[in-house]
Amino acid sequence: MRSAVVRYSPLLLLAIAWEAVPRLGLVDPDTLPPLSAVLRAWIGLLRDGDLAVNGLSSLQNLTAGLVLAIVVGVALGVLMAWYWPVEVLVNPLVRILYPLPRSALIPVMILWFGLGAASKIAAVFLGCLLPVVIGAFNGARGVEQVLIWSARAAGATSLEVLREVVVPAAMPEILAGIRNALALSFILLVAAELLISQRGMGYLISSFGEAGAYDAMFAGVLTVSAVGFFADRLYLLVMGWALRWRG
Amino acid sequence: MTGISFHEVSHTYRPPRSAPTLALERVSLDVREREFLALLGPSGCGKSTLLYLLGGFLPVEAGAVTVAGKPVTGPGPDRGIVFQNFALYPWKTVRQNILYGLEKQRLPRAERERRARELIELVHLGGFDNSYPAQLSGGMKQRVAIARTLAVDPAILLMDEPFGALDAQTRALMHEELLAIIRRTPKTVVFVTHDVREAVYLADRVAVMSARPGRIKEIVDTGFAGEKGPALTGTRAFADKVEHLWDLVRGEAILAQTRRD
Ligand SMILES: Nc1ncnc2c1ncn2[C@@H]1O[C@H](COP(=O)(O)OP(=O)(O)O)[C@@H](O)[C@H]1O
Ligand SMILES: [Mg+2]
């Protein structure tokens, strides 16, 4: 209980400062509306359904892109570790593309897939793919030889060895890669929506910003941050449960 | 048909970024059907390598390894192996580890469950069915590994220092269990150990290996085939056999030691 208070006290201080600084006139309340005004705007957004419509749209695109990145990324990473021709083909690409600023992909995706949901999903997918590939590759490459031998001796086929031994043994690294991807997915989706879109949290934020409704704009920013934070917490819980065998 | 034959088998490890190691050099060895053969030798002499070749995990590059007259080309459920470091699946519980091999054998579900329960009792792990390997002691992990291999009832049993992590008491118990299992369902056993007493007590014959590169230095008949039991260890004949094997092993152990420095 006490540790929770200590852990979140910086957040509380930040909230107090956010309220006090504009009210004391230290900054222009138009540039930084006090927290209470932002929360009031947030309740307004909740009432009009703006939050539900745009939040849901963002969540859908984020989930689609992320799930796609996980499925393709795990398959690619494991195959890279398992079949050397796949590694020879894919590994150099991964190395070259890894340092590329991910948001640079967004305009290209919009050019290819249009202004709607497809370009957002594609941006999240491509941006999240590499961390998952790299996690799965490292995990699968590090699997102990005897575990594979043991399954072969029991009569497992190659495909069964992959599914029943390599993937579960690589799970700690795979899940760590997915955690990185989860954080990136928020960044990429909102960035893509800010750039150009007709729906979503990024759209909400940018349109309120253009209209000068800064309290509502901040409410949008706050919502995205909070959802991102809680998604990560929830993910850690799920990860802990999935890896409970590590003792 | 479970006779095993090594004929002039050599094996070289070629690690990608270091010098090759000649682990075995022209090893010839026959293991008779339903014989209990112990492989005795200093660490690093190639005992595990020999077992891996027989298990079909490493390719036979020089010489020939045959089981029942047929060359070994890969792993198979006729040869069950207990690996030196357990090789349990850490993400599976004790019960799931034991069930895995039975699932691969396509046994009916009820039969699998029955056998798993039986084996858990046999190795005295009742109550730990749902524990993960990380929650077990070294000795318990070793017993899970043994149970997992015995569950599928292989005709040939390969054991790589299977009792190394057990305390003396548990080890003695496991010796009796192993002998009882083999009496019930006769098997050909190749048993790697560096414990001379264990080799003499369990085996029909003991193959003594030389320090690296491993070769078979001598094969000693223990001659206790029919009379195994706790009473045996107190006899003069047993002590003499242990002494004799110690003499053979001592020289090799010293050689292995000096070579490491
Ligand atoms: N994967 C490997 N790569 C390189 N050298 C190895 C490898 N495995 C074993 N060796 C070497 O081969 C020799 C025999 O090893 P091993 O069969 O494990 O011996 P033992 O089981 O008798 O202790 C040792 O000198 C060891 O260092
Ligand atoms: Mg060994």
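**Entry 1: the salt-bridge network**

I looked up a network of salt bridges and found A:E160, A:R163, A:E164, B:K104 and B:R106 linked in it. I count a salt bridge when a side-chain nitrogen of Lys or Arg is within 4 Å of a carboxyl oxygen of Asp or Glu. The model is predicted: local features need pLDDT of at least 70, side-chain atom pairs count only at pLDDT 80 or more, and totals for chains, interfaces and linings use all residues. Residues are numbered from 1 along each chain as its sequence is written, chains are lettered from A and ligands numbered from 1 in the order in which they are written, and side-chain values use heavy atoms, with hydrogens and water left out.

I then took the network's pairs in turn. B:K104 bridges to A:E160, with 3.3 Å between the closest N and O atoms. A:E160 also forms a salt bridge with B:R106, at 3.9 Å between the closest N and O atoms. That pair crosses between chains, from helix α8 (residues 158–195) of chain A to the loop between α2 and α3 (109–122) of chain B. Helices here are DSSP runs (H or I, at least four residues), numbered from the N terminus.

Is A:E160 buried or exposed? I noted A:E160 as buried, because its relative accessibility is 13%; B:R106 is exposed at 61%. Buried means under 20% relative accessible area, exposed over 50%, and partly exposed in between (1.4 Å probe, protein chains only).

**Entry 2: the interface of chains A and B**

I looked up the contact (heavy atoms within 4.5 Å). It takes 21 residues from chain B and 19 residues from chain A. Chain B and chain A bury about 1,800 Å² between them, 67% of it on carbon and sulfur atoms. B:W91, B:Y100 and B:K104 supply 33% of the area that chain B buries against chain A, more than any other three residues. Buried area is the accessible area (1.4 Å probe) that two parts lose on being put together, summed over both.

How many salt bridges are there between chain B and chain A? I found three, while the count over all chains is 19.

**Entry 3: two bridges within a chain**

A:E19 is partly exposed at 22%, and A:R23 is exposed at 54%.

B:E35 is buried at 5%, whereas B:R32 is partly exposed at 48%.

**Entry 4: ligand 1**

I listed the residues around ligand 1 (a heavy atom within 4 Å); among them are B:Y13, B:P15, B:G44, B:K47, B:S48 and B:R212. A backbone N or O atom of B:G44 lies 2.7 Å from a ligand oxygen atom, and one of B:K47 lies 2.9 Å from a ligand oxygen atom. For B:S48, a side-chain N or O atom is 2.8 Å from an oxygen atom of ligand 1.

I looked up B:L150 in helix α4 (residues 138–151) of chain B and found B:L150 buried at 7%. Not counting residues up to four places away in sequence, B:L150 touches residues including B:R115, B:L119 and B:I181.

A:T223 is in helix α10 (residues 214–242) of chain A and is buried at 14%. The side chain of A:T223 reaches the backbone oxygen of A:A219 at 2.6 Å.

Key:
Helix = DSSP H or I, 4+ residues; strand = E, 2+ residues; numbered from the N terminus. Polar contact = N/O pair within 3.5 Å; in protein donor to acceptor, adjacent residues only side chain to side chain.
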